[in-house]
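Here is a short report on selected local features of one structure. Sequence and model come first, the notes after.

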Amino acid sequence: MECGWNIKLYEAERRQEWDDFVNAARNGTFLFLRGYMDYHADRFSDFSLMAYRGNKLYALLPAHCTEDALCSHCGLTYGGMVTNEKMTAALMLQLFECVIKFVRSRTSVRKWLYKPLPYIYARYPSGEDLYALYRFGARLSERKISTVIPSGGGVSFSELRRRKVRHAVREEYTVSEEDDYAAFWDILEHNLKHRHQASPVHSLEEITLLQRTFPLHIRLYGVRSKDGRMLAGCVMYVTGRVAHAQYIASTPEGREGGAVDLLFSHLIREVYSDMPYFDLGTSVEEGGQVLNEGLIFQKEGFGGRAVMYDTYEMEF
C-alpha cells in the first residue's frame, strides 16, 4: 500500500501474532487480546486491522464496523492504535491516511469513531494518534470523566470517607477476594435496575468466562457482614499500570454501613498500593453530558481526581 504501509484485516490464524504484539506494545492491555475481544464477537462485526511496514508489524487497530462507521472500539472501555516503540508522529499520520483509504476501499462507511487509550494505561508515551486525530479534523464527540488516584500519596481521604470506614470497622465488616460472582451480580443487577434503569454490560455468564480466561487480570473483592452476607463488592480490571474498578455495587445495608468505603480503603491502601494508578471509574451519563455529582463526590473523597475517557468522531 502507499506510504510504505501494508494494511491487513485480522484473521483468526493471526491470533498469536496479534496477542504477542499486544503483550509487547507500549500501550497494550489485556482488553486488546483476542481472548477478551472475541467473547462478544456475535455482537460486533470485527474489522480489526494489522499494519505492517515490510514484514514487520508496527501497529494494531482493534475495531469493528457498523452500518455507517468504523469503530475502535464500542465493545471496549477504550480502543485506538496499539503501537510499538518504532511508531513516530510522522508514521502515525501516514498510517491514518492509509487506514482511511483501506476502509473506504472495502466498506461504505465514511465515519470513524475512535476511543483513544487514556494515558495512564501506557507504559511509554504513545499520544501520536491524538495528534493525527487533530490533523485529520476529528472532533471530540464524547467525554467521560473518571476519578483516578496515583500511587505514592497525593490527596488524602476526606473526613466523611474516613468516618464511613470507621463505621464499617465497628460493624465488623470484612473484605476479601471472592469467587462468588453470582452473589455480587445479584447486588449489581438490582442496583443498576432500580437506581439507573440499566443492566451490566456483561452478563454473569460473560464475566465468569472472562475471569476464567484472565484470572490475574479480572478479580472480585467483596465486603461481608459479620454473619457472612455479601454487602458490597467490586470487580477489578488489573493491567500493568492501572487497577480499574470495572463494577461497583452495594446493598442498602452496605451503603448505610460504609461497606464500599471500607472496600476501597483496603484496595487503595493495601492490595493495589504499588500500582501507578487506581481508577475508580467514570461518573457520567449520556456520554458525559450529565455529571453524577453524588457519585463523583464519593470517589473524590478517596483522593481521586480527573482523567478523561474520550471518543472522537471523524468524517472521511
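## A cis peptide bond and its loop

H73 sits in the loop between β6 and β7. The peptide bond joining S72 and H73 is cis, with omega about 0°. Helices (H or I, at least four residues) and strands (E, at least two) are DSSP runs, numbered from the N terminus. This is a predicted model: local features need pLDDT of at least 70, side-chain atom pairs count only at pLDDT 80 or more, and totals for chains, interfaces and linings use all residues. Residues are numbered from 1 along each chain as its sequence is written, and side-chain values use heavy atoms, with hydrogens and water left out.

G75 also lies in the loop between β6 (70-72) and β7 (82-83). Its relative accessible area is 16%, so G75 is buried. Buried means under 20% relative accessible area, exposed over 50%, and partly exposed in between (1.4 Å probe, protein chains only). Leaving aside neighbours within four places in sequence, G75 is in contact with H40, F44 and H64. Contact means heavy atoms within 4.5 Å. G75 and V201 are 126 residues apart in sequence, yet their C-alpha atoms are 9.1 Å apart in space.

## Helix α6

Helix α6 covers residues 181-196. At 1.5 Å a residue, its 16 residues should span 22 Å, and its end C-alpha atoms are 21 Å apart, which agrees. The expected span is 1.5 Å times one less than the number of residues.

The buried residues of α6 are Y181, F184, W185, I187, L188, N191 and L192. Seen down the axis, they fall within an arc of 160°, so they line one face of the helix. The arc is that of the directions from the helix axis to the C-beta atoms. On the other side of α6, D186, K193 and H194 are exposed. The cover over the buried residues of α6 includes β10 (174-178), α7 (204-213), β11 (218-224), β12 (230-238), β13 (242-250) and α8 (252-257). Just after α6, Q197 takes a positive phi of about 50°.

## α6 against α7

Two packed helices are described by the angle between their axes and the distance between the axes. For α6 and α7, the angle is about 140° and the axes are 10 Å apart. That makes α6 oblique to α7. Axes are lines fitted to C-alpha atoms, for helices over the stretch in contact, and angles run from 0 to 180 degrees between N-to-C directions. Angles under 35 degrees count as roughly parallel, over 145 as roughly antiparallel, 65 to 115 as roughly perpendicular and the rest as oblique. Y181, A182 and W185 of α6 make the contact with L204, I207, T208 and Q211 of α7.

In α7, E206, I207 and L210 are buried. They cover an arc of only 95° around the axis, which puts them on the same side of α7. The face turned away from that buried side carries the exposed residues E205 and R212. The buried residues of α7 pack against α2 (34-37), α6, β11 and β12.

## α5 against α9

The axes of helix α5 (residues 159-170) and α9 come within 8 Å and cross at roughly 100°. That makes α5 roughly perpendicular to α9. R161, K164, V165, A168 and V169 of α5 meet D261, L262 and S265 of α9.

Is S265 buried or exposed? S265 is buried, with a relative accessible area of 9%. S265 is found in helix α9 (residues 259-271). Beyond neighbours within four places in sequence, S265 is in contact with F157, V165 and E270.

## Other loop residues

F30 lies in the loop between α1 (15-24) and α2. F30 is buried, at a relative accessible area of 3%. Leaving aside neighbours within four places in sequence, its contacts are Y36, F214, H217, I218, Y237, V238 and T239.

E172 has a positive phi of about 65° although it is not a glycine. E172 is found in the loop between α5 and β10. At 46% relative accessibility, E172 counts as partly exposed. E286 has a phi near 55°, a positive value in a residue other than glycine. E286 is found in the loop between β15 (284-285) and β16 (290-291). At 64% relative accessibility, E286 counts as exposed.
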